[in-house]
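Biologist: Please take a close look at one part of this model, a strand and its surroundings. Keep it brisk, and give the cut-offs as you go.

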Amino acid sequence: MIPGARLIILGRQGAGKGTQCVRLSRHYVVPHISTGDMLRAAVRERTEVGAAAREVMDAGSLVGDEIMIAIVDERLQRADAQTRGYILDGFPRTVAQAEALDKITVDRPIHVVIDLDVPREIVVARISARRVCRDCGTNYTSTGQERQPWICEVCGGDVMQRDDDTPDAVNRRLDLYESQTAPLIEFYGTQGRLEVIDGVGHPDEVFRRLTTAIDQSRAL
Ligand code: AMP
């Protein structure tokens, strides 16, 4: 395996993108650049960008293209991304962002755009089964068979479902994702740059599918 890769990962919430991005970033020794994480950090640090992004993010809308493109451009100019590459997660979200990214990366183009595909019914079921202890933060996945589903096994605290993990809230977020991402899938798909990877199965198996597709695209 040769270290270094320049990748874009698309995928519904709950498709396992977070887990796979962490593994890919270790495997290829590249930074995992998540624009959602960068914006959340900016909000916490009360920067100018954070102040502008906060309400937009809370409303579940998209932060403006101009701000996003500037943030990503700056990040991709840093030495680690320039020398080793990166995994872009959460960017681009619009065709305007994708076009700007092509200009930014003209000297070192993206190797491949991956769509980590998990059918909608499966991600709704996965997210709706998420539980968290209000007191100690332990995460659970409900099987529906627990004798005491709402009591934490670790600390005895209250186990709850997050407001935004109910099937209704999840479906709303997925509708938004679908409408935002469909034009991107079309943009990269018609240019022959998109690899759809089946995200259903054991995480090790999904990881193997991803690295196989990435290594093939880098060998071209
Ligand atoms: P994420 O963690 O990727 O779901 O991003 C969380 C929120 O940050 C999104 O709902 C948007 O409000 C904002 N955001 C993240 N990436 C972008 C982007 N590329 N363009 C516009 N808004 C973004």
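Modeller: His-32 stands opposite Ile-87 in S3. Some ground rules come next. This is a predicted model, in which local features need pLDDT of at least 70 and side-chain atom pairs count only at pLDDT 80 or more, while totals for chains, interfaces and linings use all residues. Residues are numbered from 1 along each chain as its sequence is written, and side-chain values use heavy atoms, with hydrogens and water left out.

Now the pairing. Three bridges join S2 to strand S3 (residues 85-89), and the two run parallel. Strands are DSSP runs (E, at least two residues) and helices likewise (H or I, at least four), numbered from the N terminus. Two strands pair if DSSP finds at least two bridges between them.

Step back to the sheet. Five strands make up an open sheet, ordered S2-S3-S1-S4-S8, with parallel pairing. Strand S2 (32-34) and strand S8 (194-198) stand at the edges; each has a single partner strand, so one side of each lacks a neighbour in the sheet. From one strand to the next, the twist averages 25°.

A helix covers this part. Helix H2 (residues 35-44) lies across S2 and S3. Its direction is at about 65° to S2. Contact here means heavy atoms within 4.5 Å. Axes are lines fitted to C-alpha atoms, for helices over the stretch in contact, and angles run from 0 to 180 degrees between N-to-C directions.
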